[in-house]
Amino acid sequence: MAHIGLTYDMWAPAFGEESLSNQYAAMLEQCEYADRNGLEAISFNEHHGTDDGYNPSPITATAAVAARTRNIKLRPLLLAPLYDPLRLAEDLAVIDNISGGGRLEPVLGAGYRSEEFDMFDRDRSQRRRSVDSTAAVFRQAWTGEWFEYEGRRVRVTPRPATESGPKILMGGASPAAARAAARLADGFYPISPVFWPSYREECLKLGKSDPGPAGKRAAMFVHVAEDPDSVWPKISPYLLNAISQYRQWNVGQQAVPPQFAAEHEKDLRNSEFYLVLTPDEAVTMLKELGSDGICILRPMWGGFSSELAWSSLELVVEKVLPQLT
């Protein structure tokens with residue numbers, strides 16, 4: 001069966017139907033439900049100073065979910081250059097203990113929004129180096145022993161519950177990030193599978209085990225509904241608002257990815273990146289992905305109602321998963 005997980009951004013647009021606190025409450029309940037029903041992982045993205053309240057603290061959200069779940073993997077996507085690596089190592093060690101060990105898999109990313117680097121007075125040009133050094137600090141910090149850091153003798157306690165520390169993943173959207181993940185991390189979490197061959201090639205060059213080819217990926221947004229036509233008008237304003245934000249963030253930074261090109265509901269309906277499927281269509285899609293495929297569900301992406309999110313998630317559990325297992 002394809003690997004199925006959840007990710008949350010926690011948007012709260014001004015036109016939204018629900019308060020942000022209600023969205024967080026629903027998120028926690030959905031994570032518990034996903035854990036009970038065998039979904040694989042939960043991730044939290046990170047952005048700062050946004051108009052719509054995008055979650056700036058994946059650490060806090062992950063800790064809350066760790067306390068309310070038992071089996072599901074926890075993958076906070078962290079903008080490493082914005083953190084003190086020692087403090088980050090401490091926070092992650094505590095979360096690993098809260099979770100019982102073996103579930104936490106932090107994903108280190110470099111970030112790209114100039115506003116965020118300015119907000120924390122960080123040098124954006126050093127972001128790749130910062131990600132690499134953070135991973136190296138984690139390796140030393142999680143031994144619980146004293147070590148030298150920037151000319152100081154330091155020690156991070158408590159030790160993680162996991163003997164060797166949490167599995168370190170690296171995110172990225174470049175061959176350089178892929179190669180760094182092979183050298184310094186335990187796995188690669190690419191923005192796009194086009195960067196996977198660089199990761200695999202570097203792993204083999206370093207004499208590491210072959211991670212194999214990249215698994216197929218589902219569309220960026222997948223929602224399941226008995227009547228897709230009735231759902232599109234309810235979720236489109238939220239998706240389009242989120243897409244507009246990403247488009248603005250990419251201006252002047254890099255080419256706008258095609259998944260953020262939609263401007264109207266019809267664009268969403270015609271896009272390969274956004275799918276609203278019936279349960280049977282979702283089963284077909286997941287079977288086509290194969291056992292190495294990856295499908296990340298975004299239950300409240302853009303801030304649409306938790307009621308709609310619940311409806312999709314319950315259909316996945318009750319009508320889709322039984323046909324896959």
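Visitor: Why does Tyr-246 count as buried?

Guide: Tyr-246 counts as buried because its relative accessibility is 9%. Buried means under 20% relative accessible area, exposed means over 50%, and partly exposed lies in between (1.4 Å probe, protein chains only). Phe-260 is likewise buried, because its relative accessibility is 8%. Please keep in mind that this is a predicted model, in which local features need pLDDT of at least 70 and side-chain atom pairs count only at pLDDT 80 or more, whereas totals for chains, interfaces and linings use all residues. Residues are numbered from 1 along each chain as its sequence is written, and side-chain values use heavy atoms, with hydrogens and water left out.

Visitor: How many aromatic pairs does the structure hold?

Guide: Rings of Phe, Tyr and Trp (its six-membered ring) pair if their centres lie within 6.5 Å; planes under 30 degrees apart are stacked, those over 60 are edge-to-face, and the rest are tilted. The structure holds 18 such pairs. One of them joins Phe-221 and Phe-304 edge-to-face, with 6.2 Å from centre to centre and 85° between the planes. This pair links distant parts of the chain, for Phe-221 belongs to strand 9 and Phe-304 to the loop between strand 11 and helix 11, 83 residues apart. Helices (H or I, at least four residues) and strands (E, at least two) are DSSP runs, numbered from the N terminus. Both Phe-221 and Phe-304 are buried.

Visitor: What are the distance and the angle in the pair of Tyr-246 and Phe-260?

Guide: Tyr-246 and Phe-260 are stacked, at 4.6 Å centre to centre with 5° between the planes. They too link distant parts of the chain: Tyr-246 is in helix 8 (residues 228-250), and Phe-260 is in the loop between helix 8 and helix 9 (265-270), 14 residues apart. Ring pairs join these residues into a cluster that includes Trp-11, Tyr-54, Phe-221, Tyr-246, Trp-249, Phe-260, Tyr-274, Trp-301 and Phe-304.

Visitor: How many cavities of 30 Å³ or more does the structure hold?

Guide: On a 1 Å grid over the protein atoms alone, a cavity is a set of points where a 1.4 Å probe fits but cannot get out, and its lining residues have an atom within 4 Å of a point. Points are joined across faces, edges and corners, and a volume is the space filled by probe spheres set on them. The structure holds 3 cavities of 30 Å³ or more. The largest cavity has a volume of about 60 Å³. Among the residues that line the largest cavity are Leu-6, Phe-221, His-223, Arg-298 and Leu-313. Strand 9 (221-224) and helix 11 (306-324) each supply at least two residues of this lining.

Visitor: Which residues line the second largest cavity?

Guide: The second largest cavity has a lining of Ile-4, Val-222, Val-224, Ala-282, Met-285, Leu-286, Cys-295, Leu-297 and Val-316. Strand 9, helix 10 (279-289) and strand 11 (294-297) give two or more residues to this lining. Helix 10 gives the most, with 3 residues.

Conventions. 1 Å grid on protein atoms, 1.4 Å probe; cavity = no way out; pocket = protein on both sides within 12 Å on 5 of 7 lines; lining within 4 Å.
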